[in-house]
Amino acid sequence: MTEPDIFYILGNKVRRDLLSHLTCTECYFSFLSSKVSVSSTAVAKHLKIMEREGILRSHEKEGPFIGPARKYYDISISRTYVATVTPNVFWYRGLNLTDSRGGTFSIKVNLPETTDSDLPRLVTQFLQLNRELEKVLQALKSVERGRDLLMNRIKERYLHEIGDMTQLAILHYLLTEGNATVDELSDRLNLKEREVVAKAEELARVIPLKIKEGVIEIDVERLQSEGEEHGGEG
């Protein structure tokens, strides 16, 4: 399969929002349409583009009630992308996370001097940095593979124990972005701000959060403290 045009896909906000929802769970068409502020015709067009590029796949599945089967979508790739754009370098790479290795990485990057004026030595130094970059990319692949596996386990546990997709979407956003304003989540989830706050307060009963002055973030100190208490009980 050819490499998907990821920059074209990510260049559109609606497609980014659709991908964000699909990282929580597979979704049927009408659910996805309700989560973005464009017409269902536009949603169908964006889904078709992403499916054509090999980023999404679709399948039909019977619902819990009598009626026609629903068309579900899910993400079909596991890759991370790195890009550099400067006045001197344009470069990007797609890294396949399915073939990454676990383990402990200790990276020592050797940066050569860049003050040399001899052309062959400058080329040699650039090639040396290419080799150092490969070390960093291999470590990045392992870290991203680890995050992917952990997020999958978090999703499974949360949906099994709590079952609230909106709370999970908020948790997912906080884990990947660090924090979020109520306004950002309102826009991302296509909810009123008061609905976002209410869902965040429900989430805070399970995962400690700081909700202050319109900003929501995970309360790391409380989370670690509660984790140590539960560990002691075990």
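Glu3 is partly exposed, with a relative accessible area of 39%; buried means under 20% relative accessible area, exposed over 50%, and partly exposed in between (1.4 Å probe, protein chains only). This is a predicted model, in which local features need pLDDT of at least 70 and side-chain atom pairs count only at pLDDT 80 or more, while totals for chains, interfaces and linings use all residues. Residues are numbered from 1 along each chain as its sequence is written, and side-chain values use heavy atoms, with hydrogens and water left out.

The partner of Glu3 is Arg79, and the two form a salt bridge with their closest N and O atoms 3.1 Å apart. A salt bridge here is a side-chain nitrogen of Lys or Arg within 4 Å of a carboxyl oxygen of Asp or Glu. This pair ties together distant parts of the chain, 76 residues apart: Arg79 sits in strand β4 (residues 79-85), and Glu3 lies in the segment before α1 (6-10). Helices (H or I, at least four residues) and strands (E, at least two) are DSSP runs, numbered from the N terminus. Like Glu3, Arg79 counts as partly exposed, at 28% relative accessibility.

## Salt bridges involving helix α5

The count comes to 16 salt bridges. One of them joins Glu134 to Arg93, with the closest N and O atoms 2.7 Å apart. Again, distant parts of the chain are linked: Glu134 belongs to helix α5 (residues 119-161) and Arg93 to strand β5 (residues 90-96), 41 residues apart. Glu134 is partly exposed at 30% relative accessibility, and Arg93 is partly exposed at 29%.

Have a look at Arg157 and Glu161 too, whose side chains meet in a salt bridge at 2.5 Å, N to O. Both lie in helix α5, and because they are 4 residues apart, about one helical turn separates them. Arg157 counts as exposed, at 53% relative accessibility, whereas Glu161 is partly exposed, at 48%.

## A salt-bridge network

Some charged side chains join up in a group. Lys13, Asp17, Asp187 and Arg188 are linked in a network of salt bridges.

How many disulfides does the model have? The count comes to 0 disulfides, a disulfide being a pair of cysteine sulfur atoms within 2.5 Å. For Cys24, the closest cysteine sulfur is that of Cys27, and at 7.5 Å it is too far for a bond. Cys24 is buried, with a relative accessible area of 3%, and Cys27 is buried with a value of 3%.
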